[in-house]
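Hello,

Here is the structure I promised to pass on. My notes follow below it.

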Amino acid sequence: MSKRLAALVVILILLTPAMLGSNHTEGEDYLPFLFAVFAVTWVAFFGYAFFMTRKQADLKREIDILRQSIEESEET
Amino acid sequence: MTGRLTLLGSSGVLMMLLLALIFLWVPTDIVLGISQRIFYFHVPMALVAFLAFGVVVVGSIGYLWKKSERMDALAYAAAEIGVLFTTLMLITGMLWAKPVWGVWWTWSPQLTTSLILWFIYTAYLMIRSYAPQGDQGARYGAVMGIIGFVDVPIVYMAAKWWRDVHPEAVVGPLADEGSLEGKMVIAFLVGLLAFTTLFAYLLMERYTLRRQESLVERLRYSHV
Amino acid sequence: MTEKTDNPVRAYSSRTPSWWAPILAILWKDVLLESRTREMVMPILVFSFLVIVVFNFVIDPKPALVTAVAPGVLWVAFTFAGMLGLNRTFSMEKEHGGIEGLMMCPVGRDLIYLGKMLGTFFFILVVELIMLPVFAAIFNLPLFEPGLWLITVLATFGFATVGATFSAMAVNTRAREILLPILFFPIAVPVIIAATEATRAVLAGDSFGDYSRWLQLMAGFDVVFVVIAALTFDFVLGE
């Protein structure tokens, strides 16, 4: 799930600078702010996807531990 | 599973469409220049942040009324993602304010209410993490969600009236959003759709994760 | 909601309707407790005076500046006092098992809420009523403005409505002292804004019409949240 999200984010990050060059008007000193907006947004969503992956992994570990303890208690 | 994939796929496509519109199609605002394009990210995210809080309150009422654990998972997931969107809204708002108005922050009613919304979300998540897990935490969160939801419009009113008394604190030629041209409206709507689908996708994922967490929690306590 | 048989509360409140009786009983219990121990009013008063004194050193005491910041200082002090008062609402109950006792009464949970809320309200109000003259003396301001008292009553009631609920929640958590402000402040922001702005208008001598909408805001807040908090208190107490 999150691998797909990460792939999406990477594609979008790669696309962004390619498009930035196409509009040259005055006020180009605003460009850093525009960049910052996109960068922060993608980092935030990427970070959240990563956070969810970590939680999923923790859950898996817990389920395995639980399953083990169930099997052990059934053997006794 | 396919529902999730559709959501992810469509949000991805919409995002790319949005970027294309922002960079290749939309005209540059005469007064504000390039930085106005931040608007197409900032405002949709703001609207989604408020939408997320609506989901929180729906889940909260649902939990208190029906004791439905799914409603509670929905509320929690929406709150977490809501914090994410609210934080992004505040940051992009500041990044928009600096080039346009010259200041990082201004106490406009929208920004003030958004800041308070951020605090209410945070309070919701904190009460849930500090209260005993399970039913009690869910109940506390639900009450907080309902109170917070009713409070937000009151905060907005108070902030608006405050601004009427202290106008010099809010600065800038376009303190309110002016009228938009046709192309800008379309780009904005695409942005709204893109972020809403992204929100829906993230909500589904977090909701499922949350239900699994509760299940594991219950299993752990019944076997220890 | 209230049983009509053998309810000791009815003995001394025979002329009040049966739903008022539990509220008065809880209120009277808290008043008695506080008047006998006096353990909370004094520290909060001292603390509030300290806040005012510190503010006096923190700002440049030019007369024009003082009148400009006086409403804000007053309401910051009142808000802090309110916070400390709210802490107390359920902390003693929690320590001595009073919450379970209350829950065993054959009384609707919303009435329990109203009793505790009114107790908190009067408690904070007493602290504020003592602070107001001191404040007026230090800042050289008119004291006997009825508008000021009305604002104080409305705002304090607003603090008590949501504050009692949050106090009940926070007392059951691990970090109760820090959690209560985090829950309370964002929700109470409209009341703080309204109270400060209304006070500013009163002290500047504005007409009633000028600041009446702040009073309406606070009154609306009070009504809305006393209803919501009373209805949800059952869920806050739980089983």
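**What I found**

In chain B, 49% of the 224 residues count as buried. Buried means that 20 or more other C-beta atoms lie within 10 Å of a residue's own; 12 or fewer is exposed, in between is partly exposed, and C-beta atoms are placed from the backbone.

This is a predicted model: local features need pLDDT of at least 70, side-chain atom pairs count only at pLDDT 80 or more, and totals for chains, interfaces and linings use all residues. Residues are numbered from 1 along each chain as its sequence is written, while chains are lettered from A and ligands numbered from 1 in the order in which they are written.

**Chain B**

Chain B has six helices and zero strands. Helices (H or I, at least four residues) and strands (E, at least two) are DSSP runs, numbered from the N terminus. The C-alpha atoms of chain B fill a box of roughly 65 × 45 × 25 Å along the principal axes. Contacts are residue pairs with C-beta atoms, placed from the backbone, within 7 Å. Of the chain B contacts with a separation of 6 or more, 79% join residues 24 or more positions apart.

The average pLDDT of chain B is 86, and 92% of the residues score at least 70. One stretch needs care: residues 172-176 of chain B have pLDDT below 50, with seven contacts in the model beyond near neighbours in sequence. pLDDT is the predictor's confidence in each residue, from 0 to 100. Where it is low, the predicted coordinates should not be read in detail.

**The core**

The largest nonpolar core has 150 residues, and Ala52(B) and Phe85(B) touch the most other members. The largest share of this core, 19 residues, comes from α3(B). Such a core is a set of buried Ala, Val, Leu, Ile, Met, Phe, Trp, Tyr and Cys residues joined through C-beta atoms within 7 Å. Leaving out residues up to four places away in sequence, Ala52(B) touches Ala78(B), Ile81(B), Gly82(B), Phe85(B) and Phe199(B).

**Chain A against chain B**

Chain A comes to two helices and zero strands. Buried residues make up 14% of its 76 residues. Helix α2 (residues 31-75) of chain A packs with helix α3 (residues 69-101) of chain B at about 170°, axes 9 Å apart. That makes α2(A) roughly antiparallel to α3(B). The cut-offs are under 35 degrees for roughly parallel, over 145 for roughly antiparallel, 65 to 115 for roughly perpendicular, and oblique for the rest. The residues of this contact divide into 11 nonpolar, two polar and one charged. Among those from α2(A) are Phe33(A), Val37(A) and Tyr48(A); α3(B) brings residues including Leu84(B), Ile91(B) and Lys98(B).

**Chain C against chain B**

Here 26 residues of chain C are in contact with 27 residues of chain B. On the chain C side, α8(C) gives the most, with 10 residues. That side divides into 18 nonpolar, five polar and three charged residues. Ala, Val, Leu, Ile, Met, Phe, Trp, Tyr, Cys and Pro count as nonpolar, Asp, Glu, Lys and Arg as charged, and the others, Gly among them, as polar.

**One backbone detail**

Lys67(B) sits in the loop between α2 (39-66) and α3 of chain B. Its phi is near 50°, a positive value in a residue other than glycine. Most residues other than glycine have a negative phi. Lys67(B) is exposed, with 12 other C-beta atoms within 10 Å.

Best wishes

Key:
Axes fitted to C-alpha atoms, helices over the stretch in contact; angles between N-to-C directions. Contact = placed C-beta atoms within 7 Å.
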